[in-house]
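Keep the structure open as you read.

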Amino acid sequence: MSADVIPLKRAEPEGSIEPMLALTAPGMNQVNQVILDRMQSEVPLIPALAGHLISGGGKRLRPMLTLAGAELVGYSGTRHHKLAAAVEFIHTATLLHDDVVDGSDLRRGKAAANIIYGNPATVLVGDFLFSRSFELMTEDGSLKVLKILSGASAIIAEGEVDQLTAQRKIDTSEQRYLHIIRAKTAALFAAASRIAAVVAECSEAQEQALDEYGRNLGVAFQLVDDALDYDSNAAAMGKDRGDDFREGKMTLPVILAYARGSEEEREFWKAAIGGFRTEDEDLEHAIALIDRHQAVADTKLRARHFAQRAIDALSIFPDSKARQAMTQAALFAVARGY
């Protein structure tokens, strides 16, 4: 009697954010101090509103990319602390503005700032944080850093406007969707990573490698975010499940489900994205269609592709704790459930 031995397929590592957290913890203490200092104002509403979001439990992934990149290239100075804070201020400002544009009720599991303080105050405090970020950039004194971060800020705004004009348009293509998320999300990931190489006076090739790492990581991160809107509960995500659905955003799970659907299914999507079918039962039907066509699974598959591209971009750097932490962070970005 004989039997064939079938080797078990090794599970792919799911990644962890913990090595990145440990790597950047000392630097993040300095960054958080800069953030705390620079969000202060003689106008009490400003630190109150800014602090509502800044202290709301975000991962601080973007400033961590600046610190991790500095570790990767062996930078031993302190310039990157203020610049990482500038990156976080840019990100926080965009979140405040996004919540106003989207009419969001929740952010990171809490009432969004616009619900508590109103839209005008939220927009103006977002402007204040943008201004603080540019103060930090100019204090650094590098025109190259200023060009990278200011350029990213402009691209983010363009991406948000592009997303707004694509809202409720069922014919939005996957190509346009990727263009939008490269602008509104990946541009800041790329800039946050690249400036570490600039302050360390690295070669252009190393700058470009960190840029590619951040850019691809940002795309992967946003793809998973958009998949989670149809794949997680509000407690895990810190926002209402189905926000994108009710706002008529054409994210990749919807684009794929619509492209693969029957005529009847397409009629449903046209009505739903058009804003005519947005009740809870409509959301459940949308999720069922997305599951039927494996649109969430395929969105995550695309995310893994971009995460691998991010990891591959680090190949020009020697192996180190920093490179391993950044690799694990890319794997975590696509395996996370929140």
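The model is predicted. Two packed helices are described by the angle between their axes and the distance between the axes.

**Helices H1 and H4**
- Helix H1 spans residues 18-38, and helix H4 spans residues 79-102.
- They pack at an angle of about 60 degrees, and their axes are 8 Å apart.
- That angle makes H1 oblique to H4.
- The crossing of H1 and H4 is right-handed.
- On the H1 side, the contact uses Gly27, Gln30, Val31, Val34, Ile35 and Arg38.
- On the H4 side, it uses His81, Lys82, Ala84, Ala85, Glu88 and Phe89.
- By class, this contact of H1 with H4 holds six nonpolar, three polar and three charged residues.

**Helices H8 and H9**
- Helix H8 covers residues 174-199, and helix H9 covers residues 204-228.
- Their axes come within 7 Å and cross at roughly 140 degrees.
- H8 and H9 are therefore oblique to each other.
- The H8 and H9 crossing is right-handed.
- The contact of H8 with H9 has 15 nonpolar, seven polar and eight charged residues.

**Helix H12**
- Is helix H12, residues 252-260, mostly covered or mostly open? H12 is mostly covered, with seven of its nine residues buried.
- The buried residues are Leu252, Pro253, Val254, Ile255, Leu256, Ala257 and Tyr258.
- These buried residues of H12 pack against H8 and H9.
- They also pack against helix H13 (263-273), helix H14 (280-292) and helix H15 (295-313).

Methods: Residues numbered from 1 in each chain as written. Predicted model: local features only at pLDDT ≥ 70, side-chain atom pairs only at ≥ 80, totals over all residues. Heavy atoms only, no water. Axes fitted to C-alpha atoms, helices over the stretch in contact; angles between N-to-C directions. Helix = DSSP H or I, 4+ residues; strand = E, 2+ residues; numbered from the N terminus. Parallel < 35°, antiparallel > 145°, perpendicular 65-115°, else oblique. Left-handed = near helix turned anticlockwise from the far one by under 90°. Contact = heavy atoms within 4.5 Å. Nonpolar A, V, L, I, M, F, W, Y, C, P; charged D, E, K, R; others polar. Buried < 20%, exposed > 50% of the residue type's maximum accessible area, 1.4 Å probe, protein only.
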